[in-house]
Amino acid sequence: EENQKLFEIPFNSKDKFQLSVHRRNKEMEKLKHVLLMKGAPEVIISRCSHAFVKGQIVPKDEQFEKEFIAAYEGLGKLGERVLGFAQVEVSEQFAAGPFEPEAVTEFSSKNLVFIGLISLVDLPRM
């Protein structure tokens with residue numbers, strides 16, 4: 001299976017993120033296993049030490065923080081739901097499991113690479 005999901009922590013309103021670990025397809029030799037996280041932007045960004053900017057992974061700095069806040073607030077003012085996304089490469093040993101939710105959550109609490117924001121219209125539920 002392409003990009004096989006090995007483990008998942010589903011979204012919950014307490015933690016405000018969803019996390020999954022995947023084995024990448026064979027064409028992505030450089031990045032064999034990846035931990036992906038999505039959720040509330042303020043939660044995601046707090047777990048990141050780096051960001052993907054203009055095709056490069058760079059350390060998160062004060063300028064990036066300002067741009068993140070401006071983008072997040074700008075999208076929020078549109079009245080749309082905003083999600084943040086991050087990833088980090090994981091070793092084959094880590095990806096082999098076993099996966100304990102607490103250990104995976106601890107591992108993902110720092111050093112993620114911020115990928116970006118997305119906004120979407122969140123229609124009222126009936």
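Predicted model: local features only at pLDDT ≥ 70, side-chain atom pairs only at ≥ 80, totals over all residues.
Visitor: How many helices and strands does the protein have?
Guide: Helices (H or I, at least four residues) and strands (E, at least two) are DSSP runs, numbered from the N terminus. Reading from that end, the elements go β-β-β-α-β-β-α-β-α-α-β. The tally is four helices and seven strands.

Visitor: How many of the seven residues of strand S2 are buried?
Guide: Strand S2 covers residues 17–23. This strand is largely enclosed by the rest of the structure, because its buried residues number six.

Visitor: Which strand is joined to S2 by seven bridges?
Guide: Two strands pair if DSSP finds at least two bridges between them. Strand S1 (residues 4–9) pairs with S2 in the antiparallel sense, over five bridges. The seven bridges, also antiparallel, go to residues 33–39, and Val 21 stands opposite Leu 35 there. That partner is S3.

Visitor: Is His 22 buried or exposed?
Guide: His 22 sits in strand S2, with Lys 5 opposite. Contact means heavy atoms within 4.5 Å, and leaving aside neighbours within four places in sequence, His 22 touches residues including Leu 6, His 33 and Leu 36. Its relative accessible area is 12%, so His 22 is buried.

Visitor: Which side chain makes a polar contact with the side chain of His 22?
Guide: A polar contact is a pair of N or O atoms within 3.5 Å; within protein, one must be able to donate a hydrogen and the other to accept it, and residues adjacent in sequence count only if both atoms are side-chain atoms. For His 22 the distance is 2.8 Å, and the partner is Ser 20.

Visitor: What phi does Lys 54 take in the hairpin of S4 and S5?
Guide: S4 and S5 run antiparallel and are joined by four bridges, with two residues between the strands. Lys 54 is exposed, with a relative accessible area of 82%. Most residues other than glycine have a negative phi. Lys 54 has a positive one, near 50°.

Visitor: How far apart in space are Val 113 and Pro 59, C-alpha to C-alpha?
Guide: Val 113 belongs to strand S7 (residues 112–120) and counts as buried at 11% relative accessibility. Beyond four places in sequence, its contacts include Ala 51, Ile 57 and Phe 85. Pro 59 is 54 residues away in sequence, yet the C-alpha distance is 8.8 Å.

Visitor: Which residues form a nonpolar patch on the surface with about 280 Å² of accessible area together?
Guide: Patches are made of residues with over 30% relative accessible area and no salt bridge, joining like charges within 9 Å and nonpolar side chains (Val, Leu, Ile, Met, Phe, Trp, Tyr) within 5 Å. The areas come from the Shrake-Rupley method with a 1.4 Å probe, and for residues only the protein chains shown count as cover. One member lies in strand S5 (residues 56–59) and counts as exposed at 52% relative accessibility. The trio is Phe 52, Ile 57 and Ile 115.

Visitor: Which residue forms a salt bridge with Glu 62?
Guide: Both residues of this pair are exposed. They are four residues apart in helix H2 (residues 62–77), so about one helical turn separates them. The closest N and O atoms are 3.7 Å apart, and the partner is Lys 66.

Definitions and conventions: Residues numbered from 1 in each chain as written. Heavy atoms only, no water. Salt bridge = Lys/Arg side-chain N within 4 Å of Asp/Glu carboxyl O. Buried < 20%, exposed > 50% of the residue type's maximum accessible area, 1.4 Å probe, protein only.
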